[in-house]
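Let's walk through this one together, from the overall fold down to a few side chains.

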Amino acid sequence: MGARCSQECCAGDSDGTNLKLGPSSGTVDTRDVWQGMESEDGQQKSTSYFDREESELTSLKSGPRLQSGAPHTFRSGATYVGQWRDNTRHGIGKQTWPDGATYEGEWRENRAVGKGRFTHGDGDMYIGEWANNMASGHGTYYHKGSTT
């Protein structure tokens, strides 16, 4: 079961689809925000950082062997540096997205699993446990410029 942030700006539903944009901005259902929006290659945009490269990761499995430690840049502009196993992110690695967000920690079969740190582009940060690309278990969320 995932831990919940006590701050008003964090996602409220267990599926992470409700996102408060600010203290008085109200709740926005991100499924509605992204409805009909597509990326340049015609694929549906994802509201999760971790899902954005999913189709490309699937195609990498049958491609040339990727070298652990060598940077890999995705079509989305995200870059991964870390361990690979059978062309999946597996082991310790860091992924950086074009907006400055990063996840650094443990990966298992392309999923953030175990201990890791996700830093948003604005400096907010979650350090703790992850399961299936979601903060889950013990961890702490730090808001830039304030306490947890």
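Predicted model: local features only at pLDDT ≥ 70, side-chain atom pairs only at ≥ 80, totals over all residues.

In what order do the seven strands of the open sheet run? The order is E3-E4-E5-E6-E7-E8-E9, with antiparallel pairing; two strands count as paired if DSSP finds at least two bridges between them. At the edges sit E3 (72–73) and E9 (134–142), each pairing on one side only. Have a look at E8 (residues 125–131), which runs antiparallel to E9 and is joined to it by six bridges.

Residues are numbered from 1 along each chain as its sequence is written, and side-chain values use heavy atoms, with hydrogens and water left out.

Zooming out, the protein has two helices and nine strands (DSSP runs numbered from the N terminus: helices are H or I of at least four residues, strands E of at least two). From the N terminus on, they go β-β-α-α-β-β-β-β-β-β-β.

Now for the aromatics. Rings of Phe, Tyr and Trp (its six-membered ring) pair if their centres lie within 6.5 Å, with planes under 30 degrees apart called stacked, over 60 edge-to-face and the rest tilted. That rule gives 14 aromatic pairs. Tyrosine 103 and tryptophan 107 are edge-to-face because their ring centres are 5.0 Å apart and their planes lie at 90 degrees.
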